Amino acid sequence: MQDEIDNLPKLAKDKHKENKTFFTKLKKKQPKQLDYLMQELHEEEFERTDCLKCANCCKTTGPLFTDKDVERIAKHFKMKTQQFIDQFLRVDEDNDYVLKSVPCTFLGADNYCSIYDVRPKACREFPHTDRKKFQQISNLTLKNVAICPAAFNIVEAMKKRIKV
């Protein structure tokens with residue numbers, strides 16, 4: 001698994017132009033059942049993929065924290081919201097709350113998340129490959145294929161199944 005993770009940025013870079021062209025065409029001529037197909041591809045991939053063997057998303061990127069996420073997680077720690085923000089978060093260039101540091105503070109050495117039950121929405125939905133109106137997040141998907149082996153595999157399967 002580690003070899004696959006290590007090679008992923010290069011693989012994604014090699015496929016970037018092809019993927020970008022594919023998503024551009026997909027936006028122009030969206031298949032009727034795209035969301036259903038994406039759900040199917042997502043489910044098939046995650047039957048084979050064990051995130052606990054990877055956790056590359058947690059090791060290399062940080063999620064956005066919504067106000068609701070901040071409130072929920074602060075409550076979990078029995079902290080005041082501002083105290084949680086001060087201890088763990090910073091405001092990024094887009095004025096969003098993000099982690100002060102990566103890898104994620106809440107990721108254990110065993111790849112388990114210490115706040116899994118209250119984790120941010122962005123973590124719950126990652127890599128967003130089963131999201132409704134999938135074609136609207138193609139730029140995000142192009143970034144995620146370089147981080148998540150499952151997202152990479154889903155996009156590759158998608159290109160085989162959809163002829164644009």
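Me: How far is the sulfur of cysteine 104 from the closest cysteine sulfur?

Reply: A disulfide is a pair of cysteine sulfur atoms within 2.5 Å. The sulfur of cysteine 104 lies 6.0 Å from that of cysteine 58, its closest cysteine sulfur, which is too far for a bond. This is a predicted model, in which local features need pLDDT of at least 70 and side-chain atom pairs count only at pLDDT 80 or more, while totals for chains, interfaces and linings use all residues. Residues are numbered from 1 along each chain as its sequence is written, and side-chain values use heavy atoms, leaving out hydrogens and water.

Me: How many disulfides does a search of the whole structure find?

Reply: The search finds zero. For cysteine 113, the closest cysteine sulfur is in cysteine 104, at 6.1 Å, again too far for a bond.

Me: Is cysteine 104 buried or exposed?

Reply: Buried means under 20% relative accessible area, exposed over 50%, and partly exposed in between (1.4 Å probe, protein chains only). Cysteine 104 is buried, at 15%, whereas cysteine 113 is partly exposed, at 27%.

Me: At what angle do helix 2 and helix 8 pack?

Reply: Two packed helices are described by the angle between their axes and the distance between the axes. Helix 2 (residues 34-48) and helix 8 (residues 149-161) pack at about 130°, with axes 10 Å apart. They are therefore oblique to each other (angles under 35 degrees count as roughly parallel, over 145 as roughly antiparallel, 65 to 115 as roughly perpendicular and the rest as oblique). Axes are lines fitted to C-alpha atoms, for helices over the stretch in contact, and angles run from 0 to 180 degrees between N-to-C directions. Helices (H or I, at least four residues) are DSSP runs, numbered from the N terminus.

Conventions. Helix = DSSP H or I, 4+ residues; strand = E, 2+ residues; numbered from the N terminus.
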